[in-house]
Amino acid sequence: MEDTQSVASLLQSTTSKIQQLQKAFAELESHRAITLNLKWKQIEDHFHGLEKSLKRRFTELEDQENEFKIKTTQSQKLLETRQSAVIAKEEASLQKLQEKRDLAVAAITGGTPMVEEKPPPPPPPPPPLELTLTNPQLAKLCKENDVAGLHKFISDNRKNLATIKEEIPVALQVADDPGGFVLDSVSGFYNLVDGKKDANLLGQRRTCIMLMECLSVLLENVDGVYVKRLISENVKERAKGIADEWKPKLDDLDLDASNGNSLEAHAFLQLVATFGIDSCFVKEDLIKLVPMVARRHQTADLCRFLGLSEKMPGVIDVLVNSGRHIDAVNLAFAFELTEKFSPVSLLKSYLTEARRVPSLIKSGNLSPAQNDVSERELSALKTVIKCIEEHKLEDQYPVGPLQKRILQLEKAKADKKRATEVAKPQPKRPRANGISPVYAPPPRNTNTDKNFYPRMSERYAPAPTPQSQYVYDNRPYGYAVQPDTHMGAYMGTPAYNMGPNHAHYFATGYQYQAAYMH
């Protein structure tokens with residue numbers, strides 16, 4: 001503290017020293033014999049810059065010192081609180097042990113008979129965790145037991161979900177009944193709207209699971225004496241009732257359809273683990289649900305907590321037989337079963353399965369991309385490479401040949417796409433609309449007589465007779481020939497029929513193909 005005050009006093013005296021230096025410089029300048037290139041303004045700016053830099057650094061050091069003091073004080077308080085809790089727990093255990101000893105001695109010596117022990121006093125509330133909430137609204141919602149408000153707050157702040165998940169265990173401590181509060185938020189997990197799942201139901205279900213996980217984190221960080229205060233016996237009974245209600249609904253879940261990512265099965269297992277009601281269910285019933293959640297990252301911890309580690313070899317066998325080799329590899333690493341289930345062998349089997357043509361039974365349930373063998377192999381190769389990198393298996397299974405195969409498949413895919421685009425049929429020519437009546441040139445005139453307007457008789461067809469009015473009736477898209485009445489008075493030549501094999505012309509004289517007549 002004395003050093004800090006001395007540094008502060010030196011900084012305050014900087015201005016006065018700069019003024020003294022200015023006077024000395026002015027006196028020196030009055031006695032100078034030659035002109036100095038250095039100006040006082042330059043010297044003053046230099047010293048002021050040094051002063052600002054020193055003050056800024058001094059302020060930073062003060063802030064760091066204050067922050068360190070606050071953290072030290074918080075740590076000391078937390079340590080004292082935990083020490084007091086340990087001492088109280090030890091005293092309670094010693095007192096209980098002494099009572100049992102006195103009762104045992106009295107029973108042996110024929111004294112007073114053994115009597116029932118008095119129930120221990122309720123444990124004090126758990127000490128609050130020393131954390132500053134960046135979202136104070138969380139504590140307010142938990143204090144008010146506002147389940148709907150908490151769900152809405154989490155839904156509206158999905159971008160900050162990681163921070164919210166870290167702070168919820170702290171905020172739950174201010175709730176009057178943390179276990180009951182979380183259980184209330186889970187009760188609407190199976191809500192349906194008009195017989196269909198609500199659009200926001202998936203998000204709400206993920207929130208329910210997250211809240212149960214946060215309550216588990218809180219339970220892990222408090223002493224056992226406080227667990228009963230966080231989850232009472234009444235709350236446990238309610239949780240068991242909800243689990244009994246959910247369990248029949250899980251029987252309808254399809255192992256293949258869930259694809260190892262079932263929210264329903266995950267919520268059930270998390271409910272059983274968080275509220276400590278696993279003893280109410282047979283382990284065989286719980287282990288059946290594990291393949292449905294094998295893809296979720298919480299699965300390994302859930303299985304350990306529920307005491308299912310010994311059953312995992314059977315789960316891995318089920319996954320392999322279902323074609324889910326990647327999930328099997330992940331669980332083999334999580335439970336240290338890689339000697340029994342070789343990861344490299346599982347990954348190679350997975351690629352072999354991906355290259356096979358799907359059967360007719362399974363192909364109906366696959367998408368077009370999954371039915372394409374090349375697409376399935378390409379996707380499998382990328383998944384295998386990712387699994388190799390995650391578990392550091394490069395030495396046992398080099399990724400070079402796999403990457404080379406990916407390049408070959410992608411090139412073949414691009415070539416196939418280009419060939420398909422080239423082979424696409426060209427669009428049809430647009431249909432001509434508003435076509436005027438068609439006139440075909442007449443047959444060659446063999447009449448040698450000179451009539452009036454002989455060239456006109458060659459250009460225009462004479463008026464047809466009723467028998468020749470529809471010369472295209474034998475064609476599917478024919479048009480009736482309209483009579484040329486405006487020249488009939490001048491022609492005087494007999495009418496004639498147009499040959500059925502004559503070419504087709506527009507009125508302008510250009511020939512067209514009959515195939516384009518629509």
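## Overall architecture

Helices are here DSSP runs of H or I spanning at least four residues, and strands are runs of E spanning at least two, numbered from the N terminus. On that basis, the secondary structure of the protein chain comes to 23 helices and zero strands. The model is a predicted one.

The protein chain has 518 residues, of which 29% count as buried. Among its contacts between residues at least 6 apart in sequence, 70% join residues at least 24 apart.

## Helix α16 and its surroundings

Helix α16 covers residues 325-334. Seven of its 10 residues are buried, so α16 is largely enclosed by the rest of the structure. The buried positions are H325, I326, D327, A328, V329, L331 and A332. These residues pack against three helices, namely α15, α17 (343-355) and α20 (373-390).

Beyond the end of α16 comes E336, which has a positive phi, near 55 degrees.

## Packing of α15 against α16

Helix α15 (residues 312-321) packs against α16 at an angle of about 160 degrees, and the two axes lie 8 Å apart. Because angles over 145 degrees count as roughly antiparallel, α15 is described as roughly antiparallel to α16. The crossing of this pair is left-handed.

On the α15 side, the contact is made by M312, V315, I316, L319 and V320. On the α16 side, H325, D327, A328, L331 and A332 take part. By class, the contact comprises eight nonpolar residues, one polar residue and one charged residue. The α16 residues H325, D327, A328, L331 and A332 are also among the buried positions of that helix.

The spacing of such positions can be read against helix geometry. An α-helix has 3.6 residues a turn, so residues three or four places apart point the same way.

## Packing of α16 against α20

The axes of α16 and α20 come within 11 Å and cross at roughly 5 degrees. Since angles under 35 degrees count as roughly parallel, α16 is roughly parallel to α20. In this contact, I326, V329 and N330 of α16 meet T383, V384 and C387 of α20. The residues involved divide into four nonpolar and two polar, with no charged residue.

Helix α16 therefore has a roughly antiparallel partner in α15 and a roughly parallel partner in α20.

## The loop residue I277

I277 is placed in the loop between α12 (263-274) and α13 (283-287).

Leaving aside neighbours within four places in sequence, I277 is in contact with K236, A239, K240, A243, L271 and V272. One of these, K236, is 41 residues away from I277 in sequence, while the C-alpha atoms of the two residues are 7.1 Å apart in space.

## Cysteines

How many disulfides does a search of the whole structure find? The search finds zero disulfides. C142 is in no disulfide, and the nearest cysteine sulfur, that of C214, is 9.6 Å away; a disulfide would require the two sulfur atoms to be within 2.5 Å.

The accessibility of two cysteines can be stated. C142 is buried, with a relative accessible area of 1%, whereas C280 is partly exposed, with a relative accessible area of 38%.

Note on methods:
Residues numbered from 1 in each chain as written. Predicted model: local features only at pLDDT ≥ 70, side-chain atom pairs only at ≥ 80, totals over all residues. Heavy atoms only, no water. Axes fitted to C-alpha atoms, helices over the stretch in contact; angles between N-to-C directions. Parallel < 35°, antiparallel > 145°, perpendicular 65-115°, else oblique. Left-handed = near helix turned anticlockwise from the far one by under 90°. Contact = heavy atoms within 4.5 Å. Nonpolar A, V, L, I, M, F, W, Y, C, P; charged D, E, K, R; others polar. Buried < 20%, exposed > 50% of the residue type's maximum accessible area, 1.4 Å probe, protein only.
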